Amino acid sequence: MIPDNCPVLGIPLVSGLGQGKKGPRFNSPTLDRLDPAAGYTRGNVVVVSFRANRSKNDLTLAEMEALAAYYARVIPPPKHRKLRSCSEP
């Protein structure tokens with residue numbers, strides 16, 4: 001069964017090809033193998049967005065964790081502006 005949203009990224013899943021484009025859209029549902037060495041069999045696949053599937057590619061869990069940990073360290077946190085209240089000049 002295809003979920004309404006990608007269980008990884010939370011984006012809505014939309015079936016069909018992009019208008020005038022070849023291939024799937026970033027939010028197209030795709031089958032992802034949990035164990036890349038095994039086939040597309042029941043119990044070894046989950047439905048996720050093309051973006052999530054493409055991002056994972058064939059990384060192992062340890063490689064995905066290392067990737068996430070690296071970028072969590074090197075990407076600076078977003079800067080937040082202090083908003084003035086209506087009563088401030």
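These legends accompany close-up views of a predicted model.

The model is predicted: local features need pLDDT of at least 70, side-chain atom pairs count only at pLDDT 80 or more, and totals for chains, interfaces and linings use all residues. Residues are numbered from 1 along each chain as its sequence is written, and side-chain values use heavy atoms, with hydrogens and water left out.

Figure 1. The chain has two helices and two strands. Helices (H or I, at least four residues) and strands (E, at least two) are DSSP runs, numbered from the N terminus. Of the 89 residues, 16% are buried. Buried means under 20% relative accessible area, exposed over 50%, and partly exposed in between (1.4 Å probe, protein chains only). The accessible surface is about 7600 Å². Carbon and sulfur atoms hold 59% of that surface. Areas come from the Shrake-Rupley method with a 1.4 Å probe; for residues, only the protein chains shown count as cover. Among contacts with a separation of 6 or more, 27% join residues 24 or more positions apart. Contact means heavy atoms within 4.5 Å.

**Figure 2. A salt bridge between aspartate 32 and lysine 56.** The two side chains meet at 3.2 Å, N to O. Aspartate 32 sits in strand β1 and lysine 56 in helix α1, so the pair, 24 residues apart, links distant parts of the chain. Both aspartate 32 and lysine 56 are buried. The count for the model is one salt bridge, defined as a side-chain nitrogen of Lys or Arg within 4 Å of a carboxyl oxygen of Asp or Glu.

**Figure 3. The largest pocket, with a volume of about 180 Å³.** Its lining consists of Val8, Leu9, Asp32, Val48, Arg51, Ala52, Asn53, Ser55 and Lys56. Helix α1 (residues 50–56) gives the largest share, five residues. The search runs on a 1 Å grid over the protein atoms alone. A pocket is an open set of points where a 1.4 Å probe fits, with protein on both sides within 12 Å along at least five of seven lines; lining residues have an atom within 4 Å of a point. Grid points are joined across faces, edges and corners, and the volume is the space filled by probe spheres set on the points.

**Figure 4. Leucine 9, in the segment before β1 (29–33).** Leucine 9 is partly exposed, at 43% relative accessibility. Beyond its neighbours within four places in sequence, leucine 9 contacts Ser49, Arg51 and Ala52. The C-alpha atoms of leucine 9 and serine 49 are 7.8 Å apart, across 40 residues of chain.

**Figure 5. Two asparagines in loops.** Asparagine 44 lies in the loop between β1 and β2 (45–49). Asparagine 44 is buried, at 9% relative accessible area. Leaving aside neighbours within four places, asparagine 44 contacts Asp32, Arg33, Leu34, Asp35, Ala38 and Gly39. Asparagine 57 belongs to the loop between α1 and α2. Asparagine 57 is exposed, at 55%. Its phi is near 50°, a positive value in a residue other than glycine. Most residues other than glycine have a negative phi.

**Figure 6. A nonpolar surface patch.** Leu67, Tyr70, Tyr71, Val74 and Ile75 form the patch, with about 470 Å² of accessible area together. Tyrosine 71 is in helix α2 (residues 61–74). Tyrosine 71 is partly exposed, at 43% relative accessibility. Patches are made of residues with over 30% relative accessible area and no salt bridge; like charges are joined within 9 Å, nonpolar side chains (Val, Leu, Ile, Met, Phe, Trp, Tyr) within 5 Å.
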